[in-house]
Amino acid sequence: MITTAPGKNRKILVIDDDPITLKFLKSILSSQGYRVSVAQDGPEAIFCAHLQRPDLILTDIFFPTNALQSSLLWDGFLIVSWLNTLGKANEIPIIIISAETANNYQNLSAALGARAFLPKPLDTKKMLATVRAALTVRRDCHQVSRSLRAG
């Protein structure tokens with residue numbers, strides 16, 4: 001019996017300012033068969049989301065201010081808001097990851113349309129299960145949509 005990795009041909013964009021977190025997540029997700037790209041700030045994340053059309057986005061909340069960026073303070077919430085504005089947030093499941101676990105962050109994540117909020121340090125098994133679940137829901141929705149258009 002031939003088995004394939006659960007993430008075969010699925011693209012995930014990981015957004016975090018910490019290179020160690022990016023390397024860790026890329027390694028874990030790649031080992032499951034996902035094609036992973038990374039971004040380290042808001043403008044790069046929006047560009048990558050638009051250009052690469054990922055199947056799922058994992059994003060941190062807070063990013064350090066960069067004097068070279070505009071005065072706009074980028075964070076995971078602003079990234080999700082921009083994706084909402086571009087009409088991509090409904091198309092692309094978003095999972096927020098953060099060391100900030102206050103209820104108001106979790107509530108804001110949900111209000112903006114994030115599929116889940118995962119606290120750091122990440123529980124790898126829970127993260128992978130959450131990713132699979134978000135991608136499964138997305139795939140099921142696309143199958144229903146195609147059936148309705150065909151019928």
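Trainee: What's the strand order in the sheet?
Mentor: The open sheet has five strands in the order S2-S1-S3-S4-S5, with parallel pairing. Strands here are DSSP runs of E with at least two residues, helices are runs of H or I with at least four, and both are numbered from the N terminus. Two strands pair if DSSP finds at least two bridges between them.

Trainee: Which strands stand at the edges?
Mentor: S2 and S5 (116–119) do, each with a single partner strand, so one side of each has no neighbour in the sheet. On average, neighbouring strands are turned by 20° against each other, direction ignored. That uses axes fitted as lines to C-alpha atoms (for helices, over the stretch in contact), with angles from 0 to 180 degrees between N-to-C directions.

Trainee: Before I go on, is this predicted or experimental?
Mentor: It's a predicted model, where local features need pLDDT of at least 70 and side-chain atom pairs count only at pLDDT 80 or more, while totals for chains, interfaces and linings use all residues. Residues are numbered from 1 along each chain as its sequence is written, and side-chain values use heavy atoms, leaving out hydrogens and water.

Trainee: What's the mean pLDDT of the chain?
Mentor: It's 82, and 78% of the residues reach 70 or more. pLDDT is the predictor's confidence in each residue, from 0 to 100. Over residues 142–149 it stays under 50, and that stretch has zero contacts beyond four places in sequence; contact means heavy atoms within 4.5 Å. Where pLDDT is low, the predicted coordinates should not be read in detail.

Trainee: Okay, back to S1 and S2. How many bridges join them?
Mentor: Five, between S1 (residues 11–15) and S2 (residues 35–39), and the two run parallel. Ile-12, for instance, has Val-36 in S2 as its bridge partner.

Trainee: And what do they make with helix H1?
Mentor: S1, H1 (residues 19–31) and S2 make a right-handed β-α-β unit. Right-handed means that, with the strands pointing away from you, the path from the first strand over the helix to the second runs clockwise.

Trainee: New topic: how many aromatic pairs are there?
Mentor: Two in the whole structure. Phe-62 and Tyr-105 are edge-to-face, at 5.5 Å centre to centre and 85° between the planes. Rings of Phe, Tyr and Trp (its six-membered ring) pair if their centres lie within 6.5 Å; planes under 30 degrees apart are stacked, over 60 edge-to-face, the rest tilted.

Trainee: Which is the other pair?
Mentor: Phe-77 and Tyr-105, which are stacked at 6.2 Å and 15°. Phe-77 lies in helix H3 and Tyr-105 in helix H4, so the pair ties together parts 28 residues apart in sequence.

Trainee: Is Phe-77 buried or exposed?
Mentor: Buried, at 8% relative accessibility. Buried means under 20% relative accessible area, exposed over 50%, and partly exposed in between (1.4 Å probe, protein chains only). Phe-62 is partly exposed at 36%, and Tyr-105 is partly exposed at 21%.

Trainee: Where does Asp-60 lie?
Mentor: In the loop between S3 and H3. Asp-60 is buried at 8% relative accessibility, and its contacts beyond four places in sequence include Asp-16, Asp-17 and Lys-120.
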